[in-house]
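I am opening a notebook on a structure that is new to me, and I want to record what I looked up in the order in which I looked. The sequence and the model come before my entries.

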Amino acid sequence: MKNTNLKKMLIAFICLICFFTCYAQTIGEHYYLNSLTIRDGLSQNTVYDILQDKAGFMWFGTKDGLNRYDGLSIRVFRKEGGTLGNNFITTLYEDTKGNIWVGTDAGVYVYSRETESFRPFLVKSSENTVIMHPVTSIIGDK
């Protein structure tokens with residue numbers, strides 16, 4: 001008899017914990033997810049990196065260009081007809097000044113919001129070399 005009551009109490013306790021856990025999750029913010037594909041204007045379905053900048057734009061680095069989404073439409077930046085030097089985008093980073101650093105299959109480019117253009121990052125290292133190889137990660141420092 002005691003064993004049955006103990007089982008019932010344990011089951012009731014577990015159900016109560018599950019209820020409060022689920023309830024606590026519904027109290028917070030609600031997130032709505034949309035998917036974007038090439039049918040929506042994305043240049044490629046394979047996305048290597050995603051960044052939301054300080055202005056609220058969503059940036060998607062694909063193997064066929066850099067895509068900027070404003071919530072309604074997508075603008076694609078490519079090498080052809082623009083200042084981006086490579087279409088294979090591997091990583092994205094926004095610095096404290098609002099510049100978007102774009103790592104590609106062949107170096108780094110920096111997007112300026114004011115001019116809406118890219119410039120190659122050509123700063124030489126102490127060994128007198130420039131980044132011209134695939135870049136898979138960019139992080140900031142002081």
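**Entry 1: Val-102 and the cores**

I began with Val-102 and set aside its neighbours within four places in sequence; the residues it is in contact with are then Leu-66, Leu-84, Ile-89, Thr-91, Leu-92, Gly-107, Val-108, Tyr-109, Phe-118 and Ile-138, where contact means heavy atoms within 4.5 Å. I note that this is a predicted model, in which local features need pLDDT of at least 70 and side-chain atom pairs count only at pLDDT 80 or more, while totals for chains, interfaces and linings use all residues. Residues are numbered from 1 along each chain as its sequence is written, and side-chain values use heavy atoms, with hydrogens and water left out.

I then looked up the largest nonpolar core, which has 12 residues, including Val-102, Leu-66, Leu-84, Ile-89, Tyr-109 and Phe-118. Such a core is a set of buried Ala, Val, Leu, Ile, Met, Phe, Trp, Tyr and Cys residues joined through side-chain atoms within 4.5 Å, and buried means under 20% relative accessible area, exposed over 50% and partly exposed in between, with a 1.4 Å probe and protein chains only. The elements that give two or more residues to this core are β5, β6 (100–104) and β7 (107–112); strands here are DSSP runs of E with at least two residues, numbered from the N terminus. Apart from this core lies another, of five residues, among them Trp-101, Val-108, Val-110 and Val-135.

**Entry 2: Rings**

Which residues form one aromatic cluster? I find Trp-59, Phe-77, Tyr-111 and Phe-118 in it, and a search of the whole structure gives seven aromatic pairs, a pair being rings of Phe, Tyr and Trp (its six-membered ring) with centres within 6.5 Å. I also noted that the charged end of Arg-68 sits over the ring of Phe-57, 4.6 Å from its centre; this requires NZ of Lys or CZ of Arg within 6 Å of the ring centre and within 35 degrees of the ring normal.

**Entry 3: The open sheet**

I traced an open sheet of four strands, in the order β1-β2-β3-β4 with antiparallel pairing, where two strands pair if DSSP finds at least two bridges between them. β1 (47–52) and β4 stand at the edges with a single partner strand each, so one side of each is left without a neighbour in the sheet. The twist averages 20 degrees from one strand to the next, the angles being taken between N-to-C directions, from 0 to 180 degrees, of axes fitted to C-alpha atoms.

Five bridges hold the antiparallel pair of β1 and β2 (residues 58–62), and Val-47 has Thr-62 as its bridge partner in β2. Strand β3 (residues 65–69) is joined to β4 by four bridges, and Arg-68 stands opposite Arg-75 in β4. The hairpin of β3 and β4 has four residues between the strands, and there Gly-71 takes a positive phi near 100 degrees.

**Entry 4: Loops**

Is Gly-85 buried or partly exposed? I read a relative accessible area of 23%, so Gly-85 is partly exposed; it is found in the loop between β4 (74–77) and β5 (89–94). Beyond its neighbours within four places in sequence, Gly-85 is in contact with Lys-79 and Tyr-109.

Definitions and conventions:
Phe/Tyr/Trp six-rings, centres within 6.5 Å; stacked < 30°, edge-to-face > 60°.
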